[in-house]
Amino acid sequence: MTSGMAQDSERVNCPICGEDRTTPFVRGEGPWQIVRCKRDGLVYVNPRPSARLIRAKAETFVRDDNEDLFEIYRDATLRREANVIMALKQGGTLLDVGCATGRLFASFPASWRLFGVDPCPQAAQHAQQHY
């Protein structure tokens, strides 16, 4: 890892058992890997992006120049995700953590109670205005 990458990554123990005994689950090209805890089976990213990097990226994830494109490119994926959720649960309350523009909510009928949070101020404002 380069020194810049080391600042952008942090190793963490399993959030459930507190141990650092993992096996690779998905090998990626970049510095962050998806691992499975040998003790409890939790799948998580380790090393993971640092809080500083996540905050910096999240605050500018949706911008004036990409708001519409962001929704267009994610639309099919979000519809599939909504269909999976609705196949598992007929109705109720949904909290989308990291909701971006809130586009996932467009696929849900009015009978659902939908809530979202996002660290990007522009994305959260868009979601609040449209959903």
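Here are a few stops to click through, and keep in mind that this is a predicted model.

**Stop 1: the core.** Select Leu-78, Ala-82, Met-86, Leu-94, Leu-104, Phe-105, Phe-108 and Trp-112: these eight residues form the largest nonpolar core. Which helix gives this core its largest share? Color helix H3 (residues 67-88), which supplies three of the residues. As background, nonpolar side chains in soluble globular proteins tend to be buried together.

**Stop 2: Phe-105.** Stay with that core and center on Phe-105. Skip the neighbours within four places in sequence, and Phe-105 is in contact with Leu-94, Asp-96, Leu-114, Phe-115, Gly-116 and Tyr-131.

**Stop 3: another core.** Now show Val-12, Cys-14, Val-35 and Tyr-44, which are among the five residues of a second, separate core.

**Stop 4: Asp-8.** Next, go to helix H1 (residues 3-8) and pick Asp-8. Buried or exposed? Asp-8 counts as buried because its relative accessibility is 17%, under the 20% cut-off. Beyond four places in sequence, the contacts of Asp-8 are Trp-32, Arg-48, Pro-49, Ser-50, Arg-52 and Leu-53.

**Stop 5: a cis bond.** Move to the loop between strand E4 (43-45) and strand E5 (48-49), where you'll find Pro-47. Zoom in on the peptide bond from Asn-46 to Pro-47: it's cis, with omega near 0°.

**Stop 6: Ala-100.** Finish in the loop between strand E6 (93-97) and strand E7 (113-117), and select Ala-100. Ala-100 isn't a glycine, yet its phi is positive, at about 55°. With a relative accessible area of 7%, Ala-100 is also buried.

Note on methods. Residues numbered from 1 in each chain as written. Predicted model: local features only at pLDDT ≥ 70, side-chain atom pairs only at ≥ 80, totals over all residues. Heavy atoms only, no water. Core = buried A, V, L, I, M, F, W, Y, C linked by side-chain atoms within 4.5 Å. Buried < 20%, exposed > 50% of the residue type's maximum accessible area, 1.4 Å probe, protein only. Helix = DSSP H or I, 4+ residues; strand = E, 2+ residues; numbered from the N terminus. Contact = heavy atoms within 4.5 Å.
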